Amino acid sequence: MRLVWHRGDLRLHDHPALLKALEEGGVVGLVVLDPNNLNTTPRRRAWFLANVQALREAYQKRGGSLWVLQGYPWEKVPEAAKALKAQAVYALKAYTPYGRHRDERVREALPVPLHLLPAPHLIPPDLPRAYRVYTPFRRNFQGVAPPLPAPEVLPKAPEEGEIPREASDVPLPKPGEEAALAGLEAFLETKLAHYAEARDRLDGEGGSRLSPYFTLGVLSPRLAAWEALKQGGEGARKWVDELLWRDFSYHLLYHFPRMRERALDPRWEALPWNGDEEVFRAWWEGRTGVPLVDAAMRELRTTGFLSNRARMCVAQFAVKYLLLPWRKAEAAFKGLLLDGDTPQNLQGWQWAGGLGVDAAPYFRVFNLVAQGERHDPGRAWLRRFAPEYASYEPKDPVVDLEAAKRRYLALAQGLLRR
């Protein structure tokens, strides 16, 4: 018997560890409900648990079983291996600081081998050279290897563990890889051809809306890229480029784990951060008087989703216009996202906030009126989430946008002269 330990890979398709374990004999799947990961918001717990349930049903559909145990992995993985008399444990390699720490502790506690197989990234995050800028990192892309099929049949085995239920405060997408694959197919058929032109829409309707599935590994990015490139065209190339940005996020955190606590370029930590709690709450609750920001934060609070363009705008407003402490704002923002992937959220905030990821960090300051007019020209998105605004012009804003921009640029130039 072999144990297949699922972490950020709640699927059966394109799963090298699962297929390798099957080559060796019988398998049982395992998900550990780790307190370190479940210490998050109700919507994120609910989304995770719904996809664990979908994974169990996928195992059952093929005749197999998925164990679900609650506790710390370095205790529960050895416990499951012992109970099943497993000869080995198989999993996909983790690249985050916590994932690597967790896996080492599990390896030390296991009486049997732990085999970690490369996860199907488009570019492996653990390249020997550490890149700080996306363009040279992207040159490592050598094309997409064919994705692996899901097993049609799994060996019978006993099942163990209950999956708790959690109520979400926002509507959830349909969980599971069948829903994810259906969503991918719909995107490829109806939106991919126009993705390059439509991807910056503030309402997010130009994108795939598949990010919640990618975050939990319900959908393999390799399979998604493979199918998109088969279709071809500028939209496919641009969308795959966004999937490569996802790998760049993992690469950055793998090589620069300090990004969890500090700016990639530490000089920016010296900005005079604004600790005014009322200003933070105004940003957080979407009542800043800046229409784009308010609509975006309200959409995020009520749906758990936000387009990439809107994410960049609200993060940049928080960091460059308001000088809010970026770690506090980033963590609060992530808690509202259904797709709040740690590496991507950190990279996104450090790019938008000019904290070392953007190759042109300090002088890229969005005009938030122009951004709204350009990417929501009919104002349908604005009317839906912030109907009190007739246009994208600020209305009694918490900060004068032009004065705040000049203040930030002067501060940034001063830091760079040090």
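Guide: Start with the second largest pocket. Its lining has 40 residues, with Y195, E242, N308, R311 and Q344 nearest its centre. This is a predicted model: local features need pLDDT of at least 70, side-chain atom pairs count only at pLDDT 80 or more, and totals for chains, interfaces and linings use all residues. Residues are numbered from 1 along each chain as its sequence is written, and side-chain values use heavy atoms, without hydrogens and water.

Visitor: What makes a residue part of a lining, and a pocket a pocket?

Guide: On a 1 Å grid over the protein atoms alone, a pocket is an open set of points with protein on both sides within 12 Å along at least five of seven lines; a lining residue has an atom within 4 Å of a point.

Visitor: What is the volume of the second largest pocket?

Guide: About 1,100 Å³. That is the space filled by probe spheres set on the points, which are joined across faces, edges and corners.

Visitor: Which helices supply at least two residues each to this lining?

Guide: α9 (211-215), α11 (234-255), α14 (308-321) and α16 (342-352). The largest share, eight residues, comes from α11. Helices are DSSP runs (H or I, at least four residues), as strands are (E, at least two), numbered from the N terminus.

Visitor: How do the residues of the lining divide by class?

Guide: Into 15 nonpolar, 13 polar and twelve charged. Ala, Val, Leu, Ile, Met, Phe, Trp, Tyr, Cys and Pro count as nonpolar, Asp, Glu, Lys and Arg as charged, the others, Gly among them, as polar.

Visitor: What is the strand order in the open sheet?

Guide: β3-β2-β1-β4-β5, five strands with parallel pairing. Two strands pair if DSSP finds at least two bridges between them. β1 (residues 2-6) and β2 (residues 27-33) have five bridges, so they count as a pair. In β2, V31 is the bridge partner of H6.

Visitor: Why do β3 and β5 stand at the edges?

Guide: β3 (66-70) and β5 (114-117) each have a single partner strand, so one side of each lacks a neighbour in the sheet.

Visitor: Which residues make the contact?

Guide: W283, W284 and E285 of α12, with V293, M297, R298 and R301 of α13. Contact means heavy atoms within 4.5 Å.

How values were computed. 1 Å grid on protein atoms, 1.4 Å probe; cavity = no way out; pocket = protein on both sides within 12 Å on 5 of 7 lines; lining within 4 Å.
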